[in-house]
Structure formats: C-alpha cells, structure tokens
Amino acid sequence: MSEHEIEIKLPGRSYRVLTAAGSLDRAGAALGAVIPPGKALLVSDTRVYSLYGERCLCSLVAGGWQPAVALIRPGERAKSLAGAARLYEAAIEAGLDRGSPIIALGGGVTGDLAGFAAATYLRGVPLVMIPTTLLAQVDSSVGGKVAVNHPRGKNLIGSFHQPHLVIADPAVLATLPLRQLKNGLAEVVKYGMVNDALFFAWLEQNLERAMARDEAILAAAIRRSIEIKAAVVELDERESGYRRILNFGHTIGHALEAAAGFGYYLHGEAVNIGALLAVHLARLLGILEAAAADRLAELPRRLGLKQPPAGMTAAAVLEKLNLDKKRRGGELIFVLPSAVGQAVFQPVADRTLLEKLIGDYLAGRSL
C-alpha cells in the first residue's frame, strides 16, 4: 500500500481507495488490476461528463475496457426507481454480464443510483466508484450503502453493495463550486465532531484553508475522513450497531431534505444543520456539557447555515422524521455528541422538544 491508498478490509473481500492526484487518468489500468477488462457501463450526469467523461473513457479504453455510457440528469430527482430502470435498460443494451462493472463517475447522486443498479442488476454486478465531489469522496463512495429515493423519504429503497474499487482523485475538486465544497466539508466536520477529537482540533485550525482550496489541507482532510469511515465500516459493515455513528446530523438533515422537496438543500447543507441541532439537543438532554457544546457548534456555524424555504413548518419536518429508517417503535434514535470526538445513541420520544428545536431554526432564532 502506498501513502495514497487506503484498504477497506471486510470479511471475504477487501478493496482499495486510491487518493492520489491524477488517479482518474489511470482508472482503466487500476480497474484492470482488480477485474479482467471487458464490457462496462459508465454512468455519469451530463454536467460531470462534460468535464471528465472523455478523460475517463480514454483511460478505460487504454486499459482494454469496452465502455458504454449512460447519462443522467444532475440533481437528487434523478435518484429514483425510474432512473434505476433506465440504467437496467442501458446495461442490457450494452450486453453486461455478471462480471461486467458499472462505473459511477460523479457525485453522491450518481454513486447512489449507479450503485443501486449494480446491486440489483443480475442480482449484483461489480461496482466502481469514481467520486468527483468532496462529499462523495469522503462519504458515499466508501462503505457500500446504495439507494434511491421514494417521494415520501430519502434513501428508503436501497441495499448494501460494496464497490470493487474507489478512485477519489482530489485534483477533480478544482472545478467544484464553493457551495459544493462546503457541502462536502460538512461531512468532514462530522467525522471530527463525533469520531476523532484530534481531527476536530485540526479542523478548528484549518477549516478556512480548506474552504480556500489549499491542496495539502484538502488532501489531508480527505484521507483522514476516509480512514475514519473505513475503520467504522470494518467494524460494522451493515449498520447493525456502531456504524450508526456516521448518521450524526442525518436524522433531522434527511427530514429537512424531504420536507423541502429534494433539491432545495444539498445533502451536506442539511447534515450541517442537523449536526448543529443535535448538539443543542444533547445539551438540553444533559448529555453534553455547555463548554463542549459551544465548541462543537462553532464549526457548523463557520461553514454557514442555509436558510429554510419559505413556508416550511416544523410539523412538516416532523412528519418526515416519522419515516426515518433509524426509528425503533415510537422512538427516534439520534446520534448525539457526548464530548468532542465522542457520541452516544439516544432514543428521543419528546416530539415537543424536537418541534421547538426545528422551529428555532425555521424562525431564524439563534442556534
């Protein structure tokens, strides 16, 4: 293993995450070292494909691959059962068999949709992730969770399907808009808040440099985030226990996304708000001391909080919370910080308290 490779070690099979700048241009050879070259389906959205599609195709062809291409529309609305059906049709037209990989070139939506198609086409074909956003590089491309949305909730239809290879080239982030960069940094901050106190302290010193696209800082943040997620996934691949810690900020975050209509919030923007509300909830429940709460709340604030859409109500958000995949009976299970870099799983049945927290954010009251 080189300093630019991280191994995800799972029972029966491991896979590599390549993090070196320029690794996109070596994708064909890297994939050929894992799977014998043959037919493949490259899935990308139209925006990402215009930037990186030709480079990726050239690399695949140079590596002996015969790639077909399926393009999707950018945005969360593409992540649907109808979108998956279109990919099945493309895979059939391309003549994919059970050894033919589906390759996801793009952000989290592309990875989730292509991953869901790979998990279900012919009962499962190889998946390769080539994430082009910071959010996808540090989160959704690693760990095997794939899904599509249902009109009543985010990621309600999905599976676990680990990739055979992940190519997280930090050089592609040069074209990422600042809003999308902050979107990914919300997940990076999440890792520090509940997984690693030393990483959190490092982010306190370097967050602005990351937002300013300091290459060394971004590369270090990506690598440490993937290392943290890898360690969690190795302990609990299918989220039966400890892996739920990675849902920090997601319980309310997913509800905000669904209540606003998928597309208003970027995923990381909603998680950033959810993380801040979780800090306040932990403090109100006596789980987190005031000084630690103040410190933890600062990084989400420094990233900036997206304002809610006009007319959204706390009742609408709570309705979406009722569909949360992590609920148990009548209780929602929250990941709440208990100290900097530590968290607990806490059932919360007090809907009045949750409504007040959400209402404070919707009303623009100080958080």
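Why is E6 largely enclosed by the rest of the structure? Five of the five residues of E6 are buried, so the rest of the structure largely encloses this strand. Buried here means under 20% relative accessible area, exposed means over 50%, and partly exposed lies in between (1.4 Å probe, protein chains only).

This is a predicted model, in which local features need pLDDT of at least 70 and side-chain atom pairs count only at pLDDT 80 or more, while totals for chains, interfaces and linings use all residues. Residues are numbered from 1 along each chain as its sequence is written, and side-chain values use heavy atoms, with hydrogens and water left out.

Helices (H or I, at least four residues) and strands (E, at least two) are DSSP runs, numbered from the N terminus. Strands of a sheet pair through backbone hydrogen bonds, either parallel or antiparallel. Two strands are said to pair if DSSP finds at least two bridges between them.

Seven strands form an open sheet with mixed pairing, in the order E1-E2-E9-E6-E5-E3-E4. Its edge strands, E1 (5-10) and E4 (66-72), each pair on one side only. On average, and with direction ignored, neighbouring strands of this sheet are turned by 15 degrees against each other.

Both faces of E6 are covered: Leu127, Met129 and Pro131 are buried on one side, and Val128 and Ile130 are buried on the other. Valine 128 stands opposite leucine 165 in E9, and valine 128 is also the bridge partner of isoleucine 103.

| Strand pair | Sense | Bridges |
|---|---|---|
| E6 (residues 127-131) and E9 (residues 165-167) | parallel | two bridges |
| E5 and E6 | parallel | five bridges |
| E7 (residues 145-150) and E8 (residues 153-160) | antiparallel | five bridges |

A hairpin joins E7 to E8 through two residues. In E8, serine 159 is the bridge partner of valine 146.

**Helices on the sheet**

Contact means heavy atoms within 4.5 Å. Axes are lines fitted to C-alpha atoms, for helices over the stretch in contact, and angles run from 0 to 180 degrees between N-to-C directions.

Helix H2 (residues 46-62) lies across E3 (39-45), E4, E5 (102-106) and E6, and runs at about 160 degrees to E3. Helix H4 (residues 108-120) also packs on the sheet, where it touches E3, E4, E5 and E6; the direction of H4 makes about 170 degrees with that of E5.

**The pair H9 and H10**

Two packed helices are described by the angle between their axes and the distance between the axes. Helix H9 (residues 250-260) and helix H10 (residues 267-284) pack at an angle of about 135 degrees, with their axes 7 Å apart. H9 and H10 are therefore oblique to each other; angles under 35 degrees count as roughly parallel, over 145 as roughly antiparallel, 65 to 115 as roughly perpendicular and the rest as oblique.

The contact involves His250, Ile252, Gly253, His254, Leu256 and Glu257 of H9, together with His267, Ala270, Val271, Ile273, Gly274 and Leu277 of H10.

**Two residues with positive phi**

Most residues other than glycine have a negative phi, and most peptide bonds are trans. Arginine 213 has a phi near 70 degrees, a positive value in a residue other than glycine. Arginine 213 lies in the loop between helix H7 (197-211) and helix H8 (215-235), and is partly exposed, with a relative accessible area of 30%. Glutamate 239, not a glycine either, has a positive phi of about 55 degrees. Glutamate 239 is placed in the loop between H8 and H9.
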